[in-house]
Amino acid sequence: MAEKHFIRAINEALADAMSADERVIILGEDIAAAGGSFKATRGLLDRFGDKRVFDTPISEATIAGVAVGAALTGFKPVVEIMFMDFVTLTMDMMVNQAAKAHAMFGAQRSVPMVLRTPHGGGLSAGPQHSQCLEAWFAHTPGLKVVCPSNPIDAYGLLRAAIDDPDPVIFVENKALYAKRVEMPEEWPQIEIGRARVARRGKDVTVVAYGAAVDWAEKAAEELARDGVGVEIVDLRSLQPWDETSVMESLSRTHRLVIAHEAVEAFGVGAEIAARMADVGFDELDGPIIRVGAPFSPPPFAPSLEAVFRRDANDIVAAVRRTLR
Amino acid sequence: MTAERAKSRYSAMLRIRASEEALQKLFADGRIPGFVHLSIGQEAVAVGVSSCLRDADTVSSNHRGHGHTLAKGVELEPFFAEILGRETGLCRGRGGSMHVADFSKGMLGANGIVGAGLPITTGSALALKLLGKGDIAVVYFGDGALAQGLVHECINLSALWSLPVMFVCENNGWSEFSPTSRQMATSLRKLADAFGVEYRAVDGNRVSEVAATAETLVAGMRKAPAPAILECATTRVRGHFEGDRQDYRTASEIQSLPARDPLSLARAEMQVEGVPPDWFDEVAKQIAVEVNNAVAKALTAPPPIDADLAAGVYAGMGSK
Ligand SMILES: Cc1ncc(C[n+]2csc(CCOP(=O)(O)OP(=O)(O)O)c2C)c(N)n1
Ligand SMILES: [Mg+2]
């Protein structure tokens, strides 16, 4: 059976979406002729031409704004922001324009655009090329945020994001780009807002997304050796997030750990923990524990970045703590 | 023919003026919530430019957007209802004065963020160019916006990509309470030059001049997509917003304003061309009735009452 790389899945999702709907156009820095900094858009210029695939100047605010305007004029733009750290420059366009247009204009129009961007560290890329800033967007009414953990979800979620009538932030973890999976016969369809139970287990629920799902898998293997059953809920979609699936899992295991690569404080995990402490209060037999990065910019030196980054060991420790 | 055009432009300007005077009064009476920025004294820009536009052309605007909106053909009653915060408003009372939009007329929205209309309109121009029907996009912005990086980014991008976007700068000399001379170290003319974009400067209070120049630019843009910059020298007669006492302006500046009034200037020109005084009286009467009726109807509309605010946030599936 054929294997697929994560980055290849992104590339195929873009190509298939462009074939399916000629309103889909893609824009970004170095994405056309060069095929993208991470090669997600390789070959698309040749295949779809320069009226569908645009190399832009280094003007992130304008790239995002152009996508908003083209979306309001009937197109379905997909923009690539080279590193998630650079989304700071798009914030007005995403937060004040794209996110607001549907509500603010009384539902006259929506903004069917996608902003794809890679987050995450482990490459010694330093404080401005490693951050996970998805919580900012999840905090903004009007935006949707998804973050796949594997190639199949990457394909399905990107197709869903492009089809979606609302602006979607599509977050790709750089560490996953080289990840491969065995391809099923066909790419499955995935709905935004639906989590996936990645592993069944009876003792504790670990909610994770993106690269943290891999850490959770590793942690689960280790804990299984001690007879601890870990259920992994891969969120896939952060806004909206699948409260029902998390709640169902919690009511089976009664313990909850939430893991992400992003800084722990005020993050996605905080929202999930707060909701579960409310609606899931009666189900909880232990403290809800978050696993996230310490409150520091991602450091450069490999020795320091290793301290900054969470991994399977942190999840194992968190699980042991909530089971205590 | 020329007289007919002058008449229709004059009526359009008067319609904006009368509407904004009505808003001024409604605001003073405490009937408009929030901020209101009036464009009294600047009507010739919106009308001169819009007289060269068709329905499929798109426009976007800034915080001072009533004139741009009405000049694009937006109807009065839902316009007033929006600014009054009513369910029958163009945006069902969700936007207000700074966010009036009417997509059925190609009006992509006023904007509360200075400079934000430029990339949105540049994107709209990209879409219109790809559609290939010769339609163009127009963005109105103030001289204060020139200090925003977006202006530079968008002139650059639209020049690189030959996008049919017209950047219309209403230079009224003020950015809120500060003169533009303290905000900008260069000029729009020099920027246009630097990026190699076609640039015209006009007396923005003479509607015939705005229209003639805009016509030339628009005709060129429809034939061969490319950006153009139109800088209009104009006058902000009212405060930055209603309620602004304008104690930072000199008496001589304020005294100079009536002589620059776009309606008076147009009327003088038209009278020379033989339009009789009766015509002006008649049109003033008609417009007063039209505006009064629209305001009265808008005022009877209910405020939006929606128990489920979250329902309007997304077009697709809801969220948390
Ligand atoms: C990004 C941003 N910064 C500041 C403001 C506050 N503000 C509103 S209007 C304005 C001045 C704008 O001047 P100009 O663009 O010349 O327009 P004018 O009011 O003269 O029509 C300022 C500073 C804002 N709305 N948005
Ligand atoms: Mg100004």
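**The interface between chain B and chain A**

The count of salt bridges between chain B and chain A is zero, where a salt bridge is a side-chain nitrogen of Lys or Arg within 4 Å of a carboxyl oxygen of Asp or Glu. The structure is a predicted model, in which local features need pLDDT of at least 70 and side-chain atom pairs count only at pLDDT 80 or more, while totals for chains, interfaces and linings use all residues. Residues are numbered from 1 along each chain as its sequence is written, chains are lettered from A and ligands numbered from 1 in the order in which they are written, and side-chain values use heavy atoms, with hydrogens and water left out.

Select both chains. The area buried between chain B and chain A is about 3,400 Å², and carbon and sulfur atoms give 67% of it; buried area is the accessible area (1.4 Å probe) that two parts lose on being put together, summed over both. Across this interface, twelve residue pairs are in polar contact, both residues being at pLDDT 80 or more. A polar contact is a pair of N or O atoms within 3.5 Å; within protein, one must be able to donate a hydrogen and the other to accept it, and residues adjacent in sequence count only if both atoms are side-chain atoms.

Next, select residues 117-131 and 149-161 of chain B. These are helix H5 and helix H6, the elements that give two or more residues to the side of chain B that touches chain A. H5(B) gives the most to that side, with ten residues. Helices (H or I, at least four residues) and strands (E, at least two) are DSSP runs, numbered from the N terminus. In total, 40 residues of chain B are in contact with 45 residues of chain A, contact meaning heavy atoms within 4.5 Å.

**The magnesium ion**

Select ligand 2, the magnesium ion, which is coordinated by Asp143(B) through OD, Asn172(B) through OD1 and Trp174(B) through O, at 2.0 to 2.2 Å. Donors are N, O and S atoms within 2.8 Å of the metal (3.2 Å for Na, K and Ca); water is not among the atoms, so sites may look incomplete. The spacing of the donor residues in sequence is D-x28-N-x1-W. Asn172(B) is buried, with a relative accessible area of 12%, and Trp174(B) also counts as buried, at 13%. Buried means under 20% relative accessible area, exposed over 50%, and partly exposed in between (1.4 Å probe, protein chains only).

**Salt bridges within the chains**

Over all chains, the count comes to 39 salt bridges. For one of them, select Asp234(A) and Arg196(A), whose closest N and O atoms are 2.9 Å apart. The pair links distant parts of the chain, 38 residues apart: Asp234(A) is in strand S11 (residues 230-234) and Arg196(A) in strand S9 (residues 196-199) of chain A. Asp234(A) is buried, with a relative accessible area of 0%, whereas Arg196(A) is partly exposed, at 26%.

Now move to chain B and select Glu290(B) and Arg15(B), whose side chains meet in a salt bridge of 3.0 Å, N to O. Glu290(B) lies in helix H11 (residues 277-300) and Arg15(B) in helix H1 (residues 2-28) of chain B, so the pair ties together parts that are 275 residues apart in sequence. Glu290(B) counts as partly exposed, at 35% relative accessibility.

Select residues 6-20 of chain A. This is helix H1, whose 15 residues should span 21 Å at 1.5 Å a residue; the end C-alpha atoms are 21 Å apart, which agrees. The expected span of a helix is 1.5 Å times one less than its number of residues. Eleven of the 15 residues of H1(A) are buried, so this helix is largely enclosed by the rest of the structure. Among the buried residues are Phe6(A), Asn11(A), Glu12(A) and Met18(A).

For comparison, select helix H8 (residues 207-223) of chain B, which has 17 residues and reaches 24 Å from its first C-alpha to its last, close to the 24 Å expected. The buried residues of H8(B) include Val207(B), Thr213(B), Leu217(B) and Met221(B). They pack against several elements of chain B, including helix H2 (43-50), strand S3 (165-171) and helix H10 (262-272).

**A buried loop residue**

Finally, select Leu176(A), in the loop between strand S7 (168-173) and strand S8 (180-182) of chain A. Is Leu176(A) buried or exposed? Leu176(A) is buried, with a relative accessible area of 2%. Leaving aside neighbours within four places in sequence, the contacts of Leu176(A) include Phe6(A), Pro148(A) and Asp214(A).
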